[in-house]
Amino acid sequence: MPADTNANGDIFGGWLLSQMDVGGGVFASKLAKSRTVTVAIEAMNFRKAVYVGDLVSVHANLVRVGRTSITVHLEAWVLRRREQQSILVTDGNFTYVSIDEQGHPQPIQRDGATIET
């Protein structure tokens, strides 16, 4: 949306980063079967600009599962108006930690068993 643009008329990188974090958080929470919080973002690559009107999709791939953390590689792709091919615009690794109801890190459970590293 126009309210999400910078002085050049492109979408703010921070807006895109937040959309990626939302998508990655959903992915991590599904795997952890618990609430997760973002603890690190690394290796971010802003490859191309995102424009008002672009359709943005975020894709997640599991990188690593630790005792309490999950690292996810996220890619943001756009489909521009009047184009048929999606374009990779941003990617990076996000790490999430599984937390309990009090906000403390907890071991990740999978199918009733703790995941071992």
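Reply: Start with a term: buried means under 20% relative accessible area, exposed over 50%, partly exposed in between (1.4 Å probe, protein chains only). This is a predicted model: local features need pLDDT of at least 70, side-chain atom pairs count only at pLDDT 80 or more, and totals for chains, interfaces and linings use all residues. Residues are numbered from 1 along each chain as its sequence is written, and side-chain values use heavy atoms, with hydrogens and water left out.

Me: Is Tyr-96 buried or exposed?
Reply: Look at the relative accessible area of Tyr-96, which is 1%. The cut-off for buried is under 20%. Tyr-96 is therefore buried.

Me: How are the planes of Phe-94 and Tyr-96 arranged, and what is the pair called?
Reply: Rings of Phe, Tyr and Trp (its six-membered ring) pair if their centres lie within 6.5 Å; planes under 30 degrees apart count as stacked, over 60 as edge-to-face and the rest as tilted. By this rule there is 1 aromatic pair. The centres of Phe-94 and Tyr-96 are 6.5 Å apart and the planes make 15 degrees, so the pair is stacked.

Me: Which strands stand at the edges of the sheet?
Reply: Strands are DSSP runs (E, at least two residues), numbered from the N terminus, and two strands pair if DSSP finds at least two bridges between them. Here 4 strands form an open antiparallel sheet in the order 1-4-3-2. Two of them have a single partner strand each, so one side is left without a neighbour: strand 1 (35–46) and strand 2 (55–65).

Me: What is the bridge partner of Ala-40 in strand 4?
Reply: Strand 1 and strand 4 (residues 87–99) run antiparallel, joined by 9 bridges. In strand 4, the partner of Ala-40 is Thr-95.
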